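These are my notebook entries on a structure that I went through element by element.

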Amino acid sequence: MKAPIKLGIRQLVEFSCRSGDLGYDAGPSASALEGIQTHQKIQKRYRNEALAEAPVKLETCIDGYEIELSGRVDLLFADETPPRVEEIKTVYSFMNGLSTAYDEPHWAQAKCYAVVYAMEHQLDEIAVSLNYVNLFNQREHRQTRVFPRLELEAFLQTVLQRYIDWYHLVSKQRERMINSARLLEFPFEDFRAQQHRFAASVYRSIKQNHRLLAEAPTGSGKTISTLFPSVKAIGEDIADQIIYLSAKTSGQNEARKAIEAMIDKGLQASYLIVQAKAKCCSCVHDETEIEESGKCSRTLGFYDRLPAAREALFRKGKLGGEVIKLVADEHHLCPFELSLQMLPWMDIVVCDLNYIFDPLVQLSYFKSDRKRKVLLIDEMHNLVDRARQMYSASLSRSQIKLALKNNYSVTMVRAINSIGNALDRCTRQQSDAETICNEVPATLTRAISRFGEQQGLELFGNKRISAQTLEFGKAIFRFQCIGNLYGDHHRTIAARPVAQREIRLLCLNAFEYLQQIYPLFKAVCGFSATLSPSDYFLQALGLDEKCQSLKLASSFPPDRLQVNICSYVDTRYRQRDHYISQICATIERCYAARPGNYLVFFSSYAFMQKVHDYFELHHAEIDTMVQTRAESDQQRVDFLSHYFDRTNTLGFAIMGGVFAEGIDYLGSALIGTIIVGVGMPQANIQQQLIRQDFDAMQLNGFDFAYRFPGLTRVQQSAGRVIRSDTDYGVIILLDQRFKQADYQQHFPRHWQTRDCPDCDSLEQSLNQFWSRVDGKY
């Protein structure tokens, strides 16, 4: 028996009736709140004549599917003859009229509400009106038409049939997924030690609708240990869709490999890898795609060509970036927007954290869809800092200067300059270089609002807007949205110097915002090798005491790893330059004890460069590589190739950077990491404010703002060494503070540290370790 389909009228229309161009929705347009407020004002205006939010409902059957169609009418004028259904739409302006393409989906939605009401009340005809309301002055522009009920019934039948044809295709795939998932066995020869326990915990958390925070050492197979039980949950019909988040491309690639491994074992799953717009859209780098209007040609007529492309992708099932680009090119569509259209229909979605957590990038699908979604978050420790960034915003003089370049509109220039003047007024009279307050400057808010109104008018009127102004509009929109979300854990920092004049809305702790996201999912599992201490991560990630915690021991023999603490080095800021020669001597002794591939990690680019320059001068016989601040993708590939293609590379890199997380340096690709310093974030005004915020919550501000984030970076960097059952290597910790109990109590349990008071004792310890390795393995 086919399950009944509960379908909202708006959902039906968005799928079956959209046509025309892809709208511009990344700038300072009408917010949801502004739209709601305008709706409410108009509804109140007619409260004596019409019923607001009138519910309508229809039960029907098409192709054997029982359908329950429902929605709420903005305004119902039931006493008129014939009765009239009105749909309210907020717009910036009525200038140049309203295009047919703009009208069509709005008319479709209003007609669906009208026919359902007419069928409920057995009306022969019904009036339908679209009421376009100016967002700024609430003036109305109403269009009204009268339809026979039979005409509307035929229209609804066509719209529903279009949806049911697609739903049938999706249902068949759903059946294949469930049946194959139920029969699926673990895709590898056997579970590693601790892996079965991990997978079982994930499955239980899904079954019981719980949240799980799992700490599992590097190399323990976290990706398959979370994806496999989630797939089995779909097979048992206790979940519908898996959303896998990873902040790095390497993590997304690992997820894809795990999914493909299950497919090779018989799983009939569809999956989608969502790539960033900057990586997949040609218009970002190729101006030939841009029309005179300033719009990308692939967005013009987007919804007219979408159905064919959507079906082509769905039938392919395995949607990596290359497949999406191929179909997008074939139908001349934006590959990024096309990939987002596939979100509701795929069994597994792999994407970045921001599509779930960033208030501006967050996809509405995750809020509105009713599927039982499982959220898996790889490298969960990254979410602490990422969430702070997502709920912060800034506005600077340099952004304003760039926005004024190549601007085609006098009115837009005035609007941008008004923001600059407001910024100057906010910063000019302060006595200090930086001042701090706990509110958003009102003068700046007003200027930003005026800019938003003007850009909305320009966009609505199809006027040409420069790329620089559009980018500035995105920054303004973020500033405006974060201003609306501004709370107790925000601070405003104003910088006075003219060249660097800037206002920052800084989020100190994003836990309250994260707490609002988790309930959108049936179950949430965050996992990483570094989620200790758990009290810190539970608080910073917005997880309460009901969240289940899991800590797994290393699955690899402890004698394959040696951890040495070099307590003769002090890397505190005022002391570290005095120890450069000893740091370099230590690096050379490590390399000499067993030549091979090593990574030397630092928390500062500046200090790393100093050490590298000294090392290169005194140890020129050893080839080195250095991570740079703004490396391209190709430079990163070249850096890593030295580790996978050679056996004598000494690399200098940054803790918490791209080479310190999410990369499997298997076997001889890496035999040692040398970690210089305790990894603390730089002491600046931002970190001091974060510390004060934690202190105000009766927590240890120094630990939460400095020590624990540093430890996370250290452990992530150290975790690159042992990645498989056959790996062996050394971790060298260079700083006297690593001997303190405040650090050692949070070390991984499988670390067996040895203190080395000087270079000679380190050399002796390393020689003993490598002799044992040579004797055993």
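**Entry 1: A54.** I looked up the contacts of A54 and found that A54 touches G71, R72, V73 and L76, with residues up to four places away in sequence not counted; contact means heavy atoms within 4.5 Å. I placed A54 in strand 2 (residues 51-62). Helices (H or I, at least four residues) and strands (E, at least two) are DSSP runs, numbered from the N terminus. A54 is buried, at a relative accessible area of 2%; buried means under 20% relative accessible area, exposed over 50%, and partly exposed in between, with a 1.4 Å probe and protein chains only. I also checked A54 against R589: the two are 535 residues apart in sequence, and their C-alpha atoms are 78 Å apart in space.

**Entry 2: basis of the values.** I note that this is a predicted model, in which local features need pLDDT of at least 70 and side-chain atom pairs count only at pLDDT 80 or more, while totals for chains, interfaces and linings use all residues. Residues are numbered from 1 along each chain as its sequence is written, and side-chain values use heavy atoms, with hydrogens and water left out.

**Entry 3: P533.** I found P533 in the loop between strand 17 (523-528) and helix 20 (534-540). Is P533 buried or exposed? P533 is buried, with a relative accessible area of 12%. Leaving aside neighbours within four places in sequence, I list F708 and H746 as the contacts of P533. F747 is 214 residues from P533 along the chain, and their C-alpha atoms are separated by 9.6 Å.

**Entry 4: strand 12.** I examined strand 12 (residues 373-378) and recorded 6 of its 6 residues as buried. In a regular strand the side chains alternate between the two faces of the sheet. Both faces of strand 12 are covered, with K373, L375 and I377 on one side and V374, L376 and D378 on the other. Strand 8 (residues 241-245) is joined to strand 12 by 5 bridges and runs parallel to it; Y244 has L376 as its bridge partner. Strand 12 is also joined to strand 17 by 5 bridges, again in the parallel sense, and there I377 is partnered by G526. Two strands pair if DSSP finds at least two bridges between them.

Entry 5: I traced an open sheet of 4 strands in the order 13-16-15-14, with antiparallel pairing. Strand 13 (393-396) and strand 14 (434-437) stand at the edges with a single partner strand each, so one side of each has no neighbour in the sheet. Neighbouring strands are turned by 15° against each other on average, direction ignored; axes are lines fitted to C-alpha atoms, for helices over the stretch in contact, and angles run from 0 to 180 degrees between N-to-C directions. Strand 14 and strand 15 (residues 490-495) run antiparallel and are joined by 4 bridges. E434 has A495 in strand 15 as its bridge partner. Helix 16 (residues 410-428) packs on this sheet, touching strand 13, strand 15 and strand 16 (502-507), and its direction makes about 75° with that of strand 16. Helix 24 (residues 685-696) lies across strand 14, strand 15 and strand 16, at about 35° to strand 16.

Entry 6: I then followed an open sheet of 7 strands, ordered 21-22-20-23-24-19-25, with parallel pairing. Strand 21 (624-626) and strand 25 (753-756) are its edge strands, each pairing on one side only. Strand 21 pairs with strand 22 (residues 650-654) over 3 bridges, and M625 has G651 as its bridge partner. Helix 22 (residues 605-618) packs on the sheet and touches strand 20 (598-602), strand 21, strand 22 and strand 23 (672-676). The direction of helix 22 makes about 165° with that of strand 22.

**Entry 7: a helix pair.** How far apart are the axes of helix 9 and helix 10? For helix 9 (residues 302-316) and helix 10 (residues 321-331) I noted 10 Å between the axes and an angle of about 150°. Helix 9 and helix 10 are therefore roughly antiparallel; angles under 35 degrees count as roughly parallel, over 145 as roughly antiparallel, 65 to 115 as roughly perpendicular and the rest as oblique. R305, A308, A309, A312, L313 and K316 in helix 9 meet V323, I324, V327 and H331 in helix 10.
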